[in-house]
Amino acid sequence: MLEKLKVEVCNANLELVKRGVVIYTWGNVSGISADRKYMVIKPSGIKYDNLKPEHMVVVDIKTGVIVDGNLKPSSDTKTHLELYRKYLEIKAIVHTHSTNAVAFAQAGRNIPALGTTHADYFYGDIPCTRELTEKEVTNNYEENTGKVIIETLSINNIQPLEIPGIVVKNHGPFAWGENPANAVYNAVVLEKVSEMALKTLALNPYSKMNHYILEKHYLRKHGKDAYYGQDCSV
């Protein structure tokens, strides 16, 4: 069932290791089927060295029930499901504990847009959610993590593909995209711009970037008149 998507999701999980944003079992990637009925996600606690497409778990988006696979899905499954149910434009989700993004999460700070590298991929500051309440953590923690992400995007009027990532207070980053490979790409970029921001703020705590620079760099790559890159594969 969904064998092609299983391969894509497995390869995306392995890419996280290759790019140095996860160690041990500290991360997961999921992807949604074209009909948006099912999610394929990494199993919980499986070492990346042993990960294969046949290990991927298929979960019903509506019910959360496992429909294919012999292993338990990621413990973050309910967070992924909340995001898929809310945002039709999200087709894959990544969660990591990458060092620099986690630093912002633990500090409860947005990742500020300080330069053009950030602006090429994120149309503004990458937000940090509020802290979950004790009740939200005790009851349905992973589901409520998804809900607080949705709440934060809504409060800040953020379109998910314009700022394809977030940090959850005290926890870590989530990123998303148009397919598993794209979501991983966004997660890796999120970590790298987090590192750049931390170093910049260490040198100058008052650093900022004018909005017109952000606007230019984001729109030249993603706007209706974008001109970055080629019109065909090279």
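**Loops, helices and a pocket**

Guide: Asn210 is partly exposed, with a relative accessible area of 39%. Buried means under 20%, exposed over 50%, and partly exposed in between, using a 1.4 Å probe and protein chains only. This is a predicted model: local features need pLDDT of at least 70, side-chain atom pairs count only at pLDDT 80 or more, and totals for chains, interfaces and linings use all residues. Residues are numbered from 1 along each chain as its sequence is written, and side-chain values use heavy atoms, with hydrogens and water left out.

Visitor: Where is Asn210?

Guide: Asn210 sits in the loop between H7 and H8. Helices (H or I, at least four residues) and strands (E, at least two) are DSSP runs, numbered from the N terminus.

Visitor: What about the phi of Asn157?

Guide: Asn157 has a positive phi of about 55 degrees, and is not a glycine either. Asn157 lies in the loop between helix H6 (141-155) and E6. Asn157 is exposed, with a relative accessible area of 64%.

Visitor: New topic. How do H3 and H7 cross?

Guide: The axes of H3 (residues 99-107) and H7 come within 7 Å and cross at roughly 65 degrees. Axes are lines fitted to C-alpha atoms, for helices over the stretch in contact, and angles run from 0 to 180 degrees between N-to-C directions.

Visitor: Which residues of H3 make the contact?

Guide: On H3 they are Thr99, Asn100, Ala101, Ala103 and Phe104. On H7, Leu190, Glu191 and Ser194 are among them. Contact means heavy atoms within 4.5 Å.

Visitor: What do the buried residues of H3 pack against?

Guide: They pack against strand E6 (165-168), strand E7 (172-177) and H7. The buried residues include Val102 and Ala105.

Visitor: How much space lies in the largest pocket?

Guide: About 270 Å³. A pocket is an open set of points on a 1 Å grid over the protein atoms alone, where a 1.4 Å probe fits, with protein on both sides within 12 Å along at least five of seven lines; lining residues have an atom within 4 Å of a point. Grid points are joined across faces, edges and corners, and the volume is the space filled by probe spheres set on the points.

Visitor: Which residues line it?

Guide: Tyr121, Glu178 and His222 are among them.
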